[in-house]
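Work through these exercises with the structure open beside you. Try each task before you read its solution.

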Amino acid sequence: MKYGPGQKEEARTRILGAVGRGFRRLGYGGIGVDGLAKEASVTSGAFYGHFPSKAEAFKAAALIGLVELREGIEHLRASEGDAWLAAFADFYTSVRRSCELGESCALQSLTPDVARADSDTKIAYEAELLKVVDAVANGLQHGTLAARRKSAWAILSLLSGGVTLARSADDEKVGANIANAIKSAVLILAKAD
């Protein structure tokens, strides 16, 4: 099939979005190429036309997930000023906690599978993760860059781990209590940076 100008990249972007949702919802081991292709409404052959393997599709989905997280943080920093972290913590502990798992944040939903991935995937993921850490650190107001990065690691870990824990609660009140505790801890960390 011949693509017009920009069509192949548009198709890849659409397929990548669907692949990311499939991996976030079912995990790397829970979905195969046929399932990913179905998620993207393409044939397996079309899938392989964009990604040479399931592992490469996972790597691309994990990386774009972190890019989207970093861009979201940068957008909040630009639009919310000094209140960006409170807005981010509120969004992460509400929307990212309650959305359908396929729409969740790559940090919370794909990181466990990255830990099981090959070295190339881990190296690429780490490079993007460091950019996310810097986006958070650059938005903190106190301390040296090294201290702000340390706080950024703690903030991201609290948010992603805490939301994962909150999602596991069957009782909505328990999930909300976890989310509220996380949000409070993040804001305390920000003041101590």
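**Exercise 1.** Decide whether Phe 47 and Phe 51 are buried or exposed, then classify their ring pair.

*Solution.* This is a predicted model, so every value here is computed from it.
- Step 1. Phe 47 is buried, and Phe 51 is buried too.
- Step 2. Count the aromatic pairs: there are 7. Phe 47 and Phe 51 form one of these pairs, with 5.6 Å from centre to centre and 45° between the planes.
- Step 3. Planes under 30 degrees apart would be stacked, and over 60 edge-to-face. At 45°, the pair of Phe 47 and Phe 51 is tilted.

**Exercise 2.** Find the rings that cluster with Tyr 28, and name the charged residue over the ring of Tyr 28.

*Solution.* 
- Step 1. Follow the ring pairs. They join Tyr 28 with Phe 23 and Phe 58 in a cluster.
- Step 2. Look for a charge over the ring of Tyr 28. The charged end of Lys 54 sits there, 4.1 Å from the ring centre.

**Exercise 3.** Describe how helices α1 and α4 pack.

*Solution.* Two packed helices are described by the angle between their axes and the distance between them.
- Step 1. Helix α1 spans residues 7-26; its axis lies 9 Å from that of α4, at an angle of about 90°.
- Step 2. Angles of 65 to 115 degrees count as roughly perpendicular. Therefore α1 and α4 are roughly perpendicular to each other.
- Step 3. List the contact. From α1 come Arg 12, Leu 16, Val 19, Gly 20 and Phe 23; from α4 come Lys 54, Ala 57, Phe 58, Ala 60, Ala 61 and Ile 64.
- Step 4. Sort these residues by class: 8 are nonpolar, 1 is polar and 2 are charged.

**Exercise 4.** Is Val 133 buried or exposed, and what does Val 133 touch?

*Solution.* 
- Step 1. Val 133 sits in helix α8.
- Step 2. Buried means under 20% relative accessible area. Val 133 has 2% relative accessibility, so Val 133 is buried.
- Step 3. Set aside residues up to four places away in sequence. Val 133 then touches Arg 149, Ala 152, Trp 153 and Leu 156.
- Step 4. Compare sequence with space: Val 133 and Ala 154 are 21 residues apart in the chain, and their C-alpha atoms are 9.7 Å apart.

**Exercise 5.** What is the phi of Ser 41, and where is Ser 41 found?

*Solution.* 
- Step 1. Most residues other than glycine have a negative phi.
- Step 2. Ser 41 has a positive phi, near 60°.
- Step 3. Locate Ser 41: the loop between α2 (33-39) and α3 (44-50).
- Step 4. Exposed means over 50% relative accessible area. Ser 41 has 65%, so Ser 41 is exposed.

Terms used:
Residues are numbered from 1 along each chain as its sequence is written. This is a predicted model: local features need pLDDT of at least 70, side-chain atom pairs count only at pLDDT 80 or more; totals for chains, interfaces and linings use all residues. Side-chain values use heavy atoms; hydrogens and water are left out. Rings of Phe, Tyr and Trp (its six-membered ring) pair if their centres lie within 6.5 Å; planes under 30 degrees apart count as stacked, over 60 as edge-to-face and the rest as tilted. Buried means under 20% relative accessible area, exposed over 50%, partly exposed in between (1.4 Å probe, protein chains only). A charge sits over a ring if NZ of Lys or CZ of Arg is within 6 Å of the ring centre and within 35 degrees of the ring normal. Helices (H or I, at least four residues) and strands (E, at least two) are DSSP runs, numbered from the N terminus. Contact means heavy atoms within 4.5 Å. Axes are lines fitted to C-alpha atoms, for helices over the stretch in contact, and angles run from 0 to 180 degrees between N-to-C directions. Angles under 35 degrees count as roughly parallel, over 145 as roughly antiparallel, 65 to 115 as roughly perpendicular and the rest as oblique. Ala, Val, Leu, Ile, Met, Phe, Trp, Tyr, Cys and Pro count as nonpolar, Asp, Glu, Lys and Arg as charged, and the others, Gly among them, as polar.
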